[in-house]
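Biologist: I have the sequence and the structure open side by side. Could you walk me through what can be read from them?

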Amino acid sequence: MRNDHAISRRAFVAGLGSISVLLSVPVTGYAASLPLVTVTKDPSCGCCTGWAEHIEAAGFPVRIVESQNIDAIKQQLRVPPALYSCHTAEVDGYVVEGHVPAAAIQRLLTERPAATGLAVPGMPAGSPGMDFPGVTAEPYEVFLFAPADQKVFGRFRSAQEI
């Protein structure tokens, strides 16, 4: 009796080859490919924790370092005093100062401009980490900064570019 459902030796060998190719491809999600964001913040600051949660929700792994001397970190990382905010982060060779939205960080990492990093000076209402219930989000600018230059990188309301 003939078995029409039997697999040929050639098909079997081809199938084995396909399996080995599939197993050699790394299985990683988008989040696994994003670099670590190290956030340095004052231990008593709650909005910094809110910002870190926003960054984590975007898929970035986050490490929080608490420091009583955050200004020394800002100076060491060459953040211009006019751009200071409440926390400073480092990601893949860049500095991220303040309530910068995850979308701006993702764009920074994609475009990789010659710069020190991004900053949102102050603490704009409605920005990531400052998005408390009942707060009306105000538009704000994200600055790209380098030792001798600063320019607008994007305009946002809440975490959305406008």
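Biologist: Let me start with a helix: which residues are exposed on the other side of H3?

Modeller: Bear in mind that this is a predicted model; in it, Gly46, Glu53 and Ala57 are the exposed residues on that other side of H3.

Biologist: And which residues of H3 are buried?

Modeller: The buried residues of H3 are Cys47, Cys48, Trp51, Ala52 and Ile55, and because they cover an arc of only 145° around the axis, they lie on the same side of H3.

Biologist: How far does H3 reach, and what comes after it?

Modeller: H3 has 12 residues and spans 17 Å from its first C-alpha to its last, which is close to the 16 Å expected at 1.5 Å a residue, and it is followed by glycine 59, which has a positive phi near 105°.

Biologist: Back to the tryptophan, then; what does Trp51 touch?

Modeller: Leaving aside residues up to four places away in sequence, tryptophan 51 touches Val37, Val39, His87, Ala89, Val96, Gly98, His99, Val100, Ile105, Pro128 and Gly129.

Biologist: How many residues are in the largest nonpolar core, and which have the most contacts inside it?

Modeller: That core has 23 residues, and those with the most contacts inside it are Val37, Trp51, Phe60, Val100, Ile105, Leu118 and Val142. Among the elements that give two or more residues to this core are helix H3 (46–57), helix H5 (102–111) and strand S6 (139–146), and H5 supplies the largest share, five residues. There is also a second, separate core of seven residues, which includes Leu77, Val95, Ala119 and Phe143.

Biologist: Changing topic, what is the overall make-up of the chain?

Modeller: The chain has five helices and eight strands, and along the sequence they follow the pattern α-α-β-α-β-α-β-β-α-β-β-β-β. Of its 162 residues, 37% count as buried, while the chain exposes about 9400 Å², with carbon and sulfur atoms supplying 56% of that area.

Biologist: Where does pLDDT stay under 50?

Modeller: That happens over residues 11–31, for which the model has four contacts beyond four places in sequence. For the chain as a whole, the average pLDDT is 86, and 80% of the residues score at least 70.

Terms used:
Residues numbered from 1 in each chain as written. Predicted model: local features only at pLDDT ≥ 70, side-chain atom pairs only at ≥ 80, totals over all residues. Heavy atoms only, no water. Core = buried A, V, L, I, M, F, W, Y, C linked by side-chain atoms within 4.5 Å. Buried < 20%, exposed > 50% of the residue type's maximum accessible area, 1.4 Å probe, protein only. Helix = DSSP H or I, 4+ residues; strand = E, 2+ residues; numbered from the N terminus. Contact = heavy atoms within 4.5 Å. pLDDT = per-residue confidence, 0-100. Areas by Shrake-Rupley, 256 points an atom, 1.4 Å probe, with all protein chains shown as cover. Expected span 1.5 Å × (residues − 1). Arc of directions from axis to C-beta.
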